[in-house]
Amino acid sequence: MHLARQGPDVETMPDDGLFTGWAGIVVALRAWAGVAGDVDASRAAALVSAQIADRVLHAQADPTRCTDVISGYAGTLLALLGDDSDRAIAAAGTLADRLVQRAESGPDGLHWRMTREWGYLMPGFSHGTAGVAYALAGAGRRLHRPDALEVAVQAGDTLLGLGRTPVGWALPLAIPPRPNAPPVNFGWCHGLAGTARLFLLLDAIDRQTRWQDAVDACLRALADSGLPARLYPGFWDNVARCCGTAGVGRLLLDRYQAGGNADLLDWADALAADVVKRAIITPQGITWSNTEHTRTPPELPPEPGLMQGAAGIAGWLARLHALHTDRHTPAAPLGMVPSWL
């Protein structure tokens, strides 16, 4: 907040990324302003957003810049779409143009590499095609850009084709497959809990039965995967929101609220029971540790944050508890949590 009030020079701002820089700060400031009515936070968010917009508008496209949601153009675009100012709208349009230009056509359809030099494709949400397409679909709707929406639809169809396999729905983790890495993933970052969010957005914008069918296929695949059981070393060693159980659980709660299917709430309860069982009680309170089976010891240090730590896990558990009292508890109170998280 202090830096935002001081008005940091756009030329010295190190990173405009959503998870790694100033775009994420804008989203956090907006969330706090909405929930607390903090006028200073709202002004700070607008100030930093304007500076990000200026940076985008005054800089040439950088061929080494990431395209992704985590640290690249797509994440910055999502942050700017929440700003009504002329500068933010213009900058969002510029980023949409850059992402459209960076689309890579191949035999499977449209994809985005994390950077142009990246050696392989990641179809998932955090670093690849699903996340970039989500940002372009949002830009298409918000900016009245049918060209951006059309590219997002093409990318969605690419993922539909990749996901249909003889053994059921399975979106590859990487193309080509990476040595010593699992062939598929199920979390928000690289798997179906994240990719489903693209299909949900496309279903809201472009009413075609294939998008809802894809969401249903993602849910079936998650159910068939066996999570949260640790079926083998390296499988489902994460309970957090990015890569693990809390991210899958949030999708289940979203779909329960959208359609009222009580089986989804029961499924979320089963996931929550496993997460509670894995809690670590310390003198400072409750936390969780994720696991890396190739390390000794395998337990990673507990983290406090939203995507890999206690804040995201506890927030999901609190929402689950609230839904048992009232199914209509807001999915994102006061707009505090963006739909893409």
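In this predicted model, helix α3 spans residues 39-58 and comprises 20 residues. The distance from its first C-alpha to its last is 29 Å, close to the 28 Å expected at 1.5 Å a residue. The N-terminal end of α3 is capped by D38, a side-chain oxygen of which lies 3.0 Å from the backbone nitrogen of D40. Buried positions in α3 include the alanines A41, A44, A45, A50 and A53, together with V48, I52 and V56. S49, Q51 and D54 are also among the buried residues of this helix.

Nonpolar residues were examined next. In soluble globular proteins, nonpolar side chains tend to be buried together. The largest nonpolar core of the model contains 95 residues, and L136, F199 and L222 have the most contacts inside it. Helix α7, formed by residues 146-163, supplies the largest share of this core, with 9 residues. When neighbours within four places in sequence are left aside, L222 is in contact with F186, L192 and L227, and also with V248, L251 and W267.

Charged side chains were considered in turn. The structure holds 14 salt bridges. One of them joins R319 to D254, with the closest N and O atoms 2.7 Å apart. R319 belongs to helix α12 (residues 310-325) and D254 to helix α10 (residues 245-259), so this pair ties together parts that are 65 residues apart in sequence. Both R319 and D254 are buried.

A salt bridge also links the side chains of R207 and D203, at 3.4 Å from N to O. In this pair, R207 counts as exposed because its relative accessibility is 64%, above the cut-off of 50%. D203, by contrast, has a relative accessibility of 11% and therefore counts as buried, the limit for that class being under 20%. D274 forms a further salt bridge with R278, in which the closest N and O atoms are 3.0 Å apart. The relative accessible area of D274 is 11%, and this residue is buried. Salt bridges that share partners additionally join D97, R145 and D147 into one network.

Methods
Residues numbered from 1 in each chain as written. Predicted model: local features only at pLDDT ≥ 70, side-chain atom pairs only at ≥ 80, totals over all residues. Heavy atoms only, no water. Helix = DSSP H or I, 4+ residues; strand = E, 2+ residues; numbered from the N terminus. Expected span 1.5 Å × (residues − 1). Buried < 20%, exposed > 50% of the residue type's maximum accessible area, 1.4 Å probe, protein only. Polar contact = N/O pair within 3.5 Å; in protein donor to acceptor, adjacent residues only side chain to side chain. Salt bridge = Lys/Arg side-chain N within 4 Å of Asp/Glu carboxyl O. Core = buried A, V, L, I, M, F, W, Y, C linked by side-chain atoms within 4.5 Å. Contact = heavy atoms within 4.5 Å.
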